[in-house]
Amino acid sequence: TPFPGTEFYDEMERDGRLVDKDWKHYDALHFVTSHPRISPHEARILLEYCIRNHCHELNLRKAKILRKWSRYEKQMA
């Protein structure tokens, strides 16, 4: 989401790629820009996949455990 006041927002506005200026939708879960090669439907499918597979609570815990394990292994080396 290109948040107002950022360089990314200015770039999207300059390129005419902002398709929604309703501030309630600027929450990283709504599509407010167009993409040159991905349809809104495809973008929604990708977002749902990412949330389901990467933002799931168990995955976040797994990532935390792996980071701790990595630090442990470095200390043991």
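Select Lys21 to begin: with a relative accessibility of 48%, Lys21 counts as partly exposed, a class that lies between buried (under 20% relative accessible area) and exposed (over 50%), using a 1.4 Å probe and protein chains only. The model under view is predicted, so local features need pLDDT of at least 70 and side-chain atom pairs count only at pLDDT 80 or more, while totals for chains, interfaces and linings use all residues. Residues are numbered from 1 along each chain as its sequence is written, and side-chain values use heavy atoms, with hydrogens and water left out.

**The salt bridge**

Which contact joins Glu13 and Lys21? The two side chains meet in a salt bridge, at 3.2 Å from N to O; the term requires a side-chain nitrogen of Lys or Arg within 4 Å of a carboxyl oxygen of Asp or Glu. Glu13 is partly exposed, at a relative accessible area of 38%. A search of the whole structure finds one salt bridge.

Keep Lys21 on screen and select Asp10. These two residues are eleven residues apart in sequence, and their C-alpha atoms are 13 Å apart in space. Asp10 belongs to helix α1 and is partly exposed, at 38% relative accessibility. Glu11 also lies in helix α1, which covers residues 7-14, and Glu11 is partly exposed with a relative accessible area of 33%.

Now extend the selection to Glu7 and Asp15. Together with Asp10 and Glu11, Glu7 and Asp15 gather in a patch of negative charge on the surface. Patches are made of residues with over 30% relative accessible area and no salt bridge; like charges are joined within 9 Å, and nonpolar side chains (Val, Leu, Ile, Met, Phe, Trp, Tyr) within 5 Å. Lys and Arg count as positive and Asp and Glu as negative, while His and the chain ends are not counted. The place of each charge is taken as NZ of Lys, CZ of Arg, CG of Asp or CD of Glu.

**The segment before α1**

Move to Pro2, in the segment before α1. Is Pro2 buried or exposed? Pro2 counts as buried, at 2% relative accessibility. Select Leu18 as well: it is 16 residues from Pro2 along the chain, and the two C-alpha atoms are separated by 8.8 Å.

**Helix α2**

Select residues 40-54 to show helix α2, which contains Ile51. Ile51 is partly exposed, with a relative accessible area of 38%. A distance drawn from Ile51 to Gln75 spans 33 Å between C-alpha atoms, for a separation of 24 residues in sequence.

Helix α3 takes in residues 57-76, and Met76 is part of it. Met76 counts as exposed, at 57% relative accessibility.

Lys64 is another stop in helix α3; at 46% relative accessibility it is partly exposed. Select Arg67, Lys68, Arg71 and Lys74 with Lys64 to see a patch of positive charge on the surface.

**The whole chain**

The C-alpha atoms fill a box of roughly 55 × 25 × 25 Å along the principal axes. The radius of gyration is 18 Å, whereas a compact globule of 77 residues would have one near 11 Å; this radius is taken over C-alpha atoms, and the globule rule is 2.2 Å times the number of residues to the power 0.38. Of the 77 residues, 12% count as buried.

Technical notes:
Helix = DSSP H or I, 4+ residues; strand = E, 2+ residues; numbered from the N terminus. Areas by Shrake-Rupley, 256 points an atom, 1.4 Å probe, with all protein chains shown as cover.
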